[in-house]
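Have the view open and follow along.

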Amino acid sequence: MTTPEEKTEYLRFIGLNDQKIQETLKNETLTSLLLEIVHHAKKVVNGLTLEKSSANLLYQTGTKMKSQIKNRLPLLVESVVNKNLTTEPQLTAAFEYLISHPGQDLDIKSFNEYCGVGVVVTPEQIKQTVQDVINEKKCEILEKRYKFPVGSLLGELRKRIKWADGKLVKTELDAQLLTLLGPKVEQDNVKEKKKEEQKPKKSAATEQAEPEKIQSFMELAGEAINFHKPGENYKTEGYVVTDKTMSLLKNHLKETGGKVITRFPPEPNGILHIGHAKAINFNFGYAKHNNGVCYLRFDDTNPEKEEEKYFKGIIEMVDWLGYKPYKITHASDQFDKLYEFAKELIRRNLAYVCHQKNEEIKGHNPPPSPWRERPIEESLKLFEDMRKGKFDEGEITLRMKYTMEDGKQDPVAYRIKYAHHAKTGDKWCIYPTYDFTHCLNDSLENITHSLCTKEFQSRRSAYYWLCNSLDVYCPVQWEYGRLNLNYTVVSKRKLMKLIQEGICNDWDDPRLYTLSALRRKGYPPEAINMFCGKVGVTMAQTTTDISLLESCVRTVLNVTAPRAMAVLEPLRVVIENFPFESKMEIDVPNFPQDESKGTHKVAFDRVVYLDSCDFNENPTDKGYKRLSLTQPVGLRYTGYQLSVKEVVKNADGSVKELIGTCARVGENVKPKGFIQWVSNPVYFEARLYEKLFNHENPEDLKEVPNGWLTDVNKHALKIINNAMVDASVIGSKVFDKFQFERIGYFSVDPNSTEEMMVFNRTVSLKEDHEKK
Amino acid sequence: MDYSSLKSKLDQQNRLIESLEKELTDLDQQRDKLKPNEQLAKLLTEREKLSFRIKILKRSIQEELSKPKSSSAMTSSNSARKLTSKALPPTESKNKYSTSITDTLYSLFDKAIQAEFSEIAEASVVITGSNVADYQCNSAMAICQALKTKGQKVNPNQVAQKIVANIEKNDLIEKTEVSGPGFINIYLSKNFCQTELKKLVMCGAQAPFIGEKKRIVIDFSSPNIAKEMHVGHLRSTIIGESISRLFEYFGHDVLRLNHLGDWGTQFGMLIAHLKDKFPNYSQEMAPIGDLQAFYKESKKRFDEDEQFKKRAYECVVKLQSYDPEIIMGWKLICDVSRKEFEHIYEELGISLIERGESFYQNLMKEVVADFEKENLVTVEDGRKLVFPPGVSIPLTIVKSDGGYTYDTSDLAALKNRLFAEKGDVLLYVIDAGQSVHMQGIFSAGKQIGWIKPCHRIEHVEFGVVLGEDKKKFKTRSGDTVRLKDLLDEGLTRALAKLKEKEREKVLSGEELVAAQKAVAYGCIKYADLSHNRTKEYIFSFEKMLEDKGNTAVYMLYAYTRIRSISRNAGVGSQQLKEYVASNSISLDDPKEWKLAKQILKFPEILIKTLNDLLIHSICDYMYELATVFTEFYDSCYCIEKDRQTGEIKSVNMSRLVLCDSTASVLATCFNLLGLKTLEKM
């Protein structure tokens, strides 16, 4: 089957016209499948031509059939040609049946029954059924006339006379409706106006809007996830079914009890970042939601980079996000088994030892290995010699006889590395590659859903190939879009550079987007999970704006971070007519929108401090609502307003402090605005953060021609040493979070000492934190 | 002191602290700025990788050694390079093999060190003898040093403690103690030594297990036809014989080859001369009495007579084309030489297979083709040369006249021994003067891929023989000393020595001749073998016939004396076997214990010698054994006799066992050296 003429002739056989043939030929996969179909069909018809309807169904088979039932092609073709399957619904039913009945033995009788083979629906039956259905809904139909949704009627009909010809049914329905309603009148053509939904206007009173609910990852993403049930791996598009599949799946179900089993497989060579949070949520979240389990598996096949601190850091972060691994495993736990698998692969003549150097097989179209066909015994012997240390690093590899989707030939399975391994010590000097290890580890752990990012899509078929080549249980690989955040970099190498250059202090510098940095900055894990849920619903590769993450943080902190009052740049005010003899204790609600959550005490004294930006001697803005020489301002929670009596200035003319008076707020005394203040305060160091990069995509050379390192925002960290906060924060622990009213959310930094608390600004209160 | 002065002092101190702290931070910063040396970093990584690989390879060697041969037909092992006894023998015959104590200790400590300090690949195990204890392990210091470079500070004593804690359960070690800066003193278990001695009595002195049996091809003696053998050949013959025996003792398959110089241009003139002198040689036996003289005559003619020279060349051509008549002449000449050689070999107890240069003549063409095929041949002035890597002098494989050279025939021999004979180990016992030539041959063999890492190819070189005047060994008239004459002189001198000691009165006529030969040839061999072969060696009958010190006479005498102890007590070896079967050997007396340990050192000496092929270690060991035995015998009664009657009052069987074990080890040593022992002397 090589010449275009032959191809054209074959395609014409199933009723394609010349134009359609030209189009089809461009799609090689489809063409070859159709050719195969025709090949079978020709055998069945035995020299006769095909009926047009059958030809059409055969074409449908080519375009709609899922790859995992390709082995059933002869049956399908035969059924179509022999007119067992005559309609599209039957064909669809046939697909369904075959997908859910993989394996060798097919019960033809039940197949035929399921597909309605031989069921004849007479025109009389159709007529009668249509009549029945219309009668049942007659009143409504008469009322709504042509606005009645015909689709629901058709649906009902399909249920009742499943195997009737769809076209005939539709024609009959239309005819009977016309008889019932007569031709369309003008009224039928007027489109109904959609009722305008009147959104209730927010009243001032309800401005304290109902706080958004904190939702878990699965609550947000769950609906969009439509994975196969455990044990029904074959129902997934692209899954490869072999002779052994069914018995392997049966055994798999026996071992797992039908539980969902996933795994989070990080390499222990770096720090987890926000991108990993999605993988953690996906794997742990999906398992949890389905009462399954999730492994934390360290993909430690690469011995050179591993450090104990990375293992610890990863475990800590998974825990922080609120997930419990079912078990912590290591890819290296299976090195013995993997080695046996490799030998078995050689024995099956599906792998060989190759002497091509790495440089030789890199790049485009590398030459094929001249060692591909060497004797099995020789490869086995050399592979053992590799293990025994008889070769140099890079001199020799074990390669699999498989060409990947992207054209990469014979991926390497094992290579020599003379390096100590964190787990296996000096037991091995050959280490398996990702391509070899990953699927087999999944298989050994009975993973039901092997979730990974889109980049691995091109390795999916290799994944299936290897499991099937060794006749071991084959999990299903599902890919999801990787999470990219703008205004940041996450690669380990780049983070390292930032630290080396002294731009950032460490892996957990709050300007970074590693998970430990986010924790330090004060991001609650619930917010990160929620964020992952929000972006996770799409399987597409997306870059997400930081603002979405920040809004999740606000949502969570709004209901979890108690209020406190703080001033970043204090301005001393002495209240001359302070109405009390000594300082007052005022009760302040922890959460003004929910008073049931308790109160805390705040001191109110003769000397108060305001934020100096809340005082303006002569504001030009007419909408200015805070303190000026002439305008009083309310002091939150005190019930008093403050007026300026005198401005004490420094030699340079700047404001030193204010002398003021206060008056009780009442019917006649109403300040335009209320501000936060402190009295008898605690000093603290405030660290305010901005984006670390100036451009959205610092790694994009179009945006940043001189390289990402030149895009660093040097003012991303601002430290204020003499900020003040009310005493309610005393005694709080590291990572405790507060809303400093009117300023933002703050979290206690680990650098805090007994003498001086340090707070990180987690996020400002609003997206645009300009004050009105 | 008042408050203010205290305060000012405090301030002063504070300032000092501050300035020091500042200095520290400055220094820290400076250190950070120091550029790391890239090359150093590269080398360090490289070293780390190599050390790691050493560990892997060491383990692989053990793995391969411990694998029964049949199941590993595919694995030709790299480990053949060094033969050690670290692996355990197959269990069914485990009891027969002896145990090398050092090697067993080595592997015990290696495991213990690996268990604790696996990150240090260079953590080599150092086991030595000890004045305090029985053995000593001195690895802790080196490990400490290595840890230090990794930034870990520990003291060697702690390291030693850790090693000791990790030693796995074993029969060998009674106890260990850590002393001083980290020496580990090792005390052997008496129980273990008793078991080993028992084995020795029951099975005789056995070699330790060394894994796979190998094919050894050894080239030694190798004199030239028509020339007399001289002392140089004597050294090669004696050393080669002993090394062959050693390998055979370990159960290896040894092919002993005599690479005779039986081909070449000199045969042209010999045959031409033969034709002139005995024109009828093809019909009648030509009575060449003195081949040496015959050689000289023909050489003279060759140098003086142009016509003769021409005929001589014609004969060479005919010889090379295997002209039947000429071949007959060649054989005749060879036979004369062969007879002389065989006499000497028989006298000295040497066995060899003759495979001279002529054997390789037909293989040389192919060798040249092999090198040409691999593009390794350079043509220079009509000569075909091979430049082996790392060797300064090229090999000439084809002369400008198209003829071949020693280089060619040696390459042909190399190929034949590797492929046709399937040798795993190839040894060439040739004088050190040939080392450049041998290097060239070996290097070319590697270059062309014949020699693989699994092969062990060695030039067992030896130094020249000097006379007592420390000049090249010559007769008074300046001629080369003929070997036959030398042996005869030895016999004469040995007889004189025996008579001097009045042995003829004790020994029968037959016994005296046996003693004469044993002493004469024994002296010559022992004197040669007891010296480090790589050094020059001074040939002196005076010295070798001395009856004190490390000489054959002393050793042979010591041996007969030990043998006679049991005989005098009327105890035979069967009785000793029965005794050890049901009694344990007493090692309570320090002298008994010392002797036992010396006896049990035998296996490790064998292993060492098998690796370095320095036979003198065996002689040193024998001498030490004899010395320790004398100490034992002087202070421990084996047989108690009545002073008056001379009747035997009691026999200490346990001590007789020690005597017998000593004798049995010594006998084995003599046998390995190729010396005949005497029951009476």
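Predicted model: local features only at pLDDT ≥ 70, side-chain atom pairs only at ≥ 80, totals over all residues.

## A hairpin in chain B

Together β3(B) and β4(B) make a hairpin with three residues between them. One spot to look at in the turn is Gly180(B), whose phi is positive, at about 55 degrees.

## The five-stranded sheet of chain B

Next comes an open sheet of five strands in chain B, with parallel pairing and the order β7-β6-β5-β11-β12. Which strands sit at its edges? They are β7 (353-354) and β12 (456-462) of chain B, each pairing on one side only.

Within this sheet, β5 (residues 215-219) and β6 (residues 253-258) of chain B pair in the parallel sense over five bridges.

## The three-stranded sheet of chain A

Chain A has an open sheet of three strands, ordered β1-β2-β3 and paired in parallel. Its edge strands are β1 (261-264) and β3 (328-330) of chain A, each with pairing on one side only. On average, neighbouring strands here are turned by 35 degrees against each other, direction ignored.

Strand β2 (residues 293-298) of chain A pairs with β3(A) in the parallel sense over three bridges. Phe298(A) has His330(A) in β3(A) as its bridge partner. Helix α16 (residues 308-320) of chain A packs on this sheet, where it touches β1, β2 and β3 of chain A. The direction of α16(A) makes about 160 degrees with that of β2(A).

## The largest cavity

How many cavities of 30 Å³ or more does the structure hold? There are nine, and the largest has a volume of about 110 Å³. Of the 13 residues in its lining, Ser98(B), Glu196(B), Leu200(B), Ala205(B) and Gln206(B) are the closest to the centre. By class, the lining divides into seven nonpolar, three polar and three charged residues.

Helices α6 (190-203) and α21 (602-612) of chain B each supply at least two residues of this lining, and α6(B) gives the most, with four. Why does the largest cavity lie between domain 2 (94-203) and domain 5 (486-673) of chain B? It lies there because both domains give residues to its lining.

## The second largest cavity

For the second largest cavity, we turn to chain A. Its volume is about 70 Å³, and the residues that line it include Asp435(A), His438(A), Phe456(A), Arg459(A) and Gln477(A). The lining has five nonpolar, two polar and two charged residues.

Helices α20 (434-444) and α21 (460-469) of chain A each supply at least two of the lining residues. The largest share comes from α20(A), with four residues.

How values were computed
Residues numbered from 1 in each chain as written. Chains lettered and ligands numbered in written order. Heavy atoms only, no water. 1 Å grid on protein atoms, 1.4 Å probe; cavity = no way out; pocket = protein on both sides within 12 Å on 5 of 7 lines; lining within 4 Å. Points joined across faces, edges and corners; volume = space filled by probe spheres on them. Nonpolar A, V, L, I, M, F, W, Y, C, P; charged D, E, K, R; others polar. Domains from an automatic or database assignment. Pairing = 2+ DSSP bridges. Axes fitted to C-alpha atoms, helices over the stretch in contact; angles between N-to-C directions. Contact = heavy atoms within 4.5 Å.
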